[in-house]
Amino acid sequence: MSSNQTSDRFDRPLRDLRVSVTDRCNFRCVYCMPKETFDKNYRFLPRSELLSFEEIERVVQAAAELGVTKVRLTGGEPLVRRDLETLITQVRDVPGITDVSMTTNASLLTRARARSLRDAGLQRLNVSLDAMDDETFMRVNDVDVTVQTVLDGIENAAQVDFDSIKVNMVVKKGLNDHSILPMARFFHGTGQILRFIEFMDVGNSNAWDLSHVTTSGEIADIINAELPIRPAEANYRGEVAKRWEYQDGGGEIGIISSVSEPFCGDCSRARLSATGSIYTCLFASSGHDLRPALREGDTDTVREKLRKLWSVRADRYSETRTQTSVIHIRPKVEMSFIGG
Ligand code: SAM
Ligand code: SF4
Ligand code: SF4
């Protein structure tokens, strides 16, 4: 470890930075930006309040000096932020950053856009897709986008050779759990890794309840009954998805058990909101505003502020959520604001 690297109170290093580039999205997923809250009266951030690309770049530089190697762009929907390619190149060129990825709903991912993102330096892509049939998928996205639109986006990405394309499915019981097998069947053998994510109690507007969670064990059982799987070794310490491989050689899947088997012990991730606040946990009630440091100081000032925040970090929300008093009382930041 170089002397500049930093660890929190539980000795967890800072390794990953998720950057939310916008709070806006062209979807209204019922578990993330339900229309009742995110309607025409909802006040999205004015452009003037978003961090500029130069400011994001400086936060990434400061984070890289503290040991961050991986940056993931997210949102809202990152593809609605204009000139995203410029930011991707700026981030890729920061010394120490070795991995630049993005999470997207892929509805705007034309072939030309996929190519320009790749050329700009984007290495890996995670695409969210929650069902294989339009009826269910439209019930989830609530804006009538078809499954084929997203599959076209995935195909466009596949044509330009990203280092990896993963497909993420959030499973909410009663909403799309019947799509687990159709999704597994579709991506089996394609080389695209499907990952199932337990529905989480992020934000305050998705009416989360433990009974809506299909657990990782249940998901594995459903798949195993038709497409036998066996556990596979983790790629690296702290990998959030537990890996399973198909016994017939059809590739692998991942299951992210943020609710039933939390992984706070290895959590090395900080999140930067579109307005420049750092959140040290997905479930934090408030962030720490980096804008004063960005506007009044140099990158060293930002780095020292970040180091200070990280050194006192003691978050482990998922490991404590079943102490029910914690769940409902605290307000939490919305997922569309800090990007999952
Ligand atoms: N709009 C992009 C997308 O959907 O891929 C990026 C932002 S979105 C907030 C990032 C990820 O968070 C998506 O895969 C989404 O499915 C997931 N997500 C949103 N709300 C969630 C929840 N309550 N539980 C689990 N995952 C959630
Ligand atoms: Fe938009 Fe992604 Fe949230 Fe869906 S999950 S509403 S696509 S930000
Ligand atoms: Fe990390 Fe917070 Fe999630 Fe735990 S609950 S894994 S500390 S983001």
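A residue counts as buried under 20% relative accessible area, as exposed over 50%, and as partly exposed in between (1.4 Å probe, protein chains only). The model is predicted, so local features need pLDDT of at least 70 and side-chain atom pairs count only at pLDDT 80 or more, whereas totals for chains, interfaces and linings use all residues. Residues are numbered from 1 along each chain as its sequence is written, chains are lettered from A and ligands numbered from 1 in the order in which they are written, and side-chain values use heavy atoms, with hydrogens and water left out.

Arg313 is buried, at 3% relative accessibility, and Asp8 is buried at 6%. Their side chains form a salt bridge (2.8 Å, N to O), the term being used for a side-chain nitrogen of Lys or Arg within 4 Å of a carboxyl oxygen of Asp or Glu. Asp8 lies in the segment before β1 (16-20) and Arg313 in the loop between α9 (299-311) and α10 (317-320), so the pair ties together parts 305 residues apart in sequence. Helices (H or I, at least four residues) and strands (E, at least two) are DSSP runs, numbered from the N terminus.

In total, 22 salt bridges were counted. Another joins the side chains of Glu85 and Arg113 (2.9 Å, N to O), and both residues are buried. Within helix α9, Arg307 and Glu304 are three residues apart, about one turn of the helix, and their side chains also meet in a salt bridge (2.9 Å, N to O). Glu304 is partly exposed, with a relative accessible area of 34%. A network of salt bridges links Glu65, Asp300, Arg303, Glu304 and Arg307.
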